[in-house]
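The structure comes first, and the notes follow by topic.

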Amino acid sequence: MLRAAFFAIAASVAMLAGCNDVVDAPAAFVCDDEHFEPSGQRFVAGSGAATPLARAAVALLAADSAGRVSEYGANTTAAGAAPRTAGATAPRRWQIAASVGSGGAIAALSDSAVDVGLLGRAATDAERAAFDVTPIAQTAMVIATTAVTAPQAWTTAELVALYRGQPERWPDGSPIRLFVREAGDSAEALIAGKSPALAAAMADARISGRAGVAWSDEQLRDALASTPGAVGPVDQLQLTLEHLAVVVPTLDGVTAEAATVRRRTWPFIRHIEMLTRRDCPADTRRAARLLALAMRGLAAARGAHVPR
């Protein structure tokens, strides 16, 4: 009952946010762990920084050499394989909730409402003591924009001024549309840890109304995609997974890429981690391992740093 209630609420959130479960699913990825196929449904919830990667990984796991139709309706027929009969469907083995945040993942996993929790930050010592933690990927959190005349390079001081309202227009005269996450979000904490001045400028933009507020990673992604001249913090992995056409300027002379994340020269680094209960059944543990392998492989293919 608890699990059903949790996913009913999450489904309502997804409808309100316009969440779309359809993902591109390249069929070339193979990760079958000795041909193990999990039986029954598995339930996943967590940070919006991690759920797009999980959805894409699930679609990869749903593809096989027989050309099975993915759980999300995308035909994932492998090259050279005969497609299934029109209208055929695959059993839905993974159900991924709309974003509930890292805290929501911890709460849901603690109550056994989900099988897998996804964090958009590094797990705390207390969380590592309570759950099994699998690192998935580390990606640059960038300040991206849709403005074609935006600078190709920013300094932190220039970003602080930007969020303080200077300038108010791009070089072509079009307005700058600022976006931030809500107060207390992990992205805000991540920025504050490296640049208190930029975090304070973003908070001031939010409070003063200069910036629009996104209450989830999905909302911020949609704001960037649909608003001319938009600028806001977003994970680079999400940009590549969802093919968003944005400009990602360098910051203080550093380019956002896997190498700079690995070397820690990029300042804002998002951790994606998977949590499972230590008392979960062996079948659930193996299914979670499959999902983790698929997520790690896909993250690496899309330019994220995958820690050993």
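Helices (H or I, at least four residues) and strands (E, at least two) are DSSP runs, numbered from the N terminus. This is a predicted model, in which local features need pLDDT of at least 70 and side-chain atom pairs count only at pLDDT 80 or more, while totals for chains, interfaces and linings use all residues. Residues are numbered from 1 along each chain as its sequence is written, and side-chain values use heavy atoms, with hydrogens and water left out.

**Sheet**

- Eight strands form an open sheet with mixed pairing, in the order β2-β1-β3-β10-β4-β8-β6-β7; two strands pair if DSSP finds at least two bridges between them.
- The edges are β2 (94-96) and β7 (211-214), each with a single partner strand, so one side of each has no neighbour in the sheet.
- From one strand to the next, the twist averages 25°.
- Four bridges join β6 and β7 in the parallel sense.
- Leu178 stands opposite Ala211 in β7.
- Helix α6 lies across β4 (131-145), β6, β8 (230-235) and β10 (269-277), and runs at about 130° to β10. Axes here are lines fitted to C-alpha atoms, for helices over the stretch in contact, and angles run from 0 to 180 degrees between N-to-C directions. Contact means heavy atoms within 4.5 Å.

**Helix pair α2 and α11**

- The axes of α2 (residues 51-61) and α11 (residues 282-301) come within 9 Å and cross at roughly 110°.
- On α2 the contact is made by Leu53, Ala54, Ala56, Ala57, Val58, Leu60 and Leu61, and on α11 by Leu290, Leu291, Ala294, Met295, Leu298 and Ala299.
- These contact residues divide into 13 nonpolar, no polar and no charged. Ala, Val, Leu, Ile, Met, Phe, Trp, Tyr, Cys and Pro count as nonpolar, Asp, Glu, Lys and Arg as charged, and the others, Gly among them, as polar.

**Cavities**

- The structure holds four cavities of 30 Å³ or more. On a 1 Å grid over the protein atoms alone, a cavity is a set of points where a 1.4 Å probe fits but cannot get out, and lining residues have an atom within 4 Å of a point.
- The largest cavity has a volume of about 50 Å³, volume being the space filled by probe spheres set on the points, which are joined across faces, edges and corners.
- Its lining consists of Val180, Arg181, Ala187, Glu188, Ile191, Met202, Arg206 and Pro233.
- Of the elements in that lining, α6 supplies the largest share, three residues.
- The lining of the largest cavity divides into five nonpolar, no polar and three charged residues.

Technical notes. On a 1 Å grid over the protein atoms alone, a cavity is a set of points where a 1.4 Å probe fits but cannot get out, and a pocket is an open set with protein on both sides within 12 Å along at least five of seven lines; lining residues have an atom within 4 Å of a point.
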